[in-house]
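A short briefing on both follows.

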Amino acid sequence: MSGIRIAVFISGRGSNLEAIIDSIDRGQINGEIGLVISDRYKARGLKIAQKKGIESLYLGKKNYSDKYKRIDKTLQVLDDYNIDLIVLAGYMSIVNEKIVKKYRNKIMNIHPSLIPAFSGKGYYGSLVHEEVLKYGVKITGATVHFVDENTDTGPIIIQREVKVSDNETLESLSKKVLEIEHQILPEAIKLFAENKLIIEGRIVKRLTI
Ligand code: GRF
């Protein structure tokens, strides 16, 4: 069976991109990254891709100021590179519904909380952990889910928890959750690549054979 072709969308640091690359290099994912797209010109993740010899592209307001042209260009490159799965790994833009419709249940996102807690509009980056600490929950974590037309509402693929200790800081919590992200995102991609995700409405089950 030939592997899937993945497009990873990023905006910044790219540590989740690195985790996916490592997992592929270790032979754990039956697939390859065909393309990395960033909506930020200076994203560190673009450098990571370049160093690894992975095709990468800045696609943002600077080179495609017209939103609709940007969407069409995105669709065109996804086609050109024969992409089977789009992975949003710290991507800060909203994926347009035209793309969501075309790639229904083929777009994954990683979110740094246990959805539906601390998710939706306004919950991104370290703001999520700030709210977690303010609220005083004892457990948080990370979620990989498919992307639908709304923010953080698509079918959940994997969730894993992290305990919030009494002396937790923003820094310590971000670090713990990020470690979990680096585990569950490659795991979800692996399952997708092996065709082991069964999607029934918003329920995602794993094929165990
Ligand atoms: C991660 O915490 C992810 O959950 C959030 O943005 C962060 C991206 O980190 N959406 P990186 O760019 O993968 O290092």
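A pocket here is an open set of points on a 1 Å grid over the protein atoms alone, with protein on both sides within 12 Å along at least five of seven lines, and its lining residues have an atom within 4 Å of a point. A molecule sits in a pocket if more than half of its atoms lie within 2 Å of its grid points. By these terms, the space taken by the ligand is the largest pocket. This is a predicted model, in which local features need pLDDT of at least 70, side-chain atom pairs count only at pLDDT 80 or more, and totals for chains, interfaces and linings use all residues. Residues are numbered from 1 along each chain as its sequence is written, and side-chain values use heavy atoms, with hydrogens and water left out.

**Ligand surroundings**
- The ligand is surrounded by R13, G14, S15, N16, G90, I110, P112 and E181 (a residue is near if one of its heavy atoms lies within 4 Å).
- An oxygen atom of the ligand is 2.5 Å from an N or O atom in the side chain of R13, and an oxygen atom of the ligand is 2.8 Å from an N or O atom in the side chain of E181.

**Largest pocket**

**Second largest pocket**
- The second largest pocket has a volume of about 380 Å³, and among its 16 lining residues D39, R70, Y91, S93 and I94 lie nearest its centre.

Conventions
A polar contact is a pair of N or O atoms within 3.5 Å; within protein, one must be able to donate a hydrogen and the other to accept it, and residues adjacent in sequence count only if both atoms are side-chain atoms. On a 1 Å grid over the protein atoms alone, a cavity is a set of points where a 1.4 Å probe fits but cannot get out, and a pocket is an open set with protein on both sides within 12 Å along at least five of seven lines; lining residues have an atom within 4 Å of a point. Grid points are joined across faces, edges and corners, and a volume is the space filled by probe spheres set on the points.
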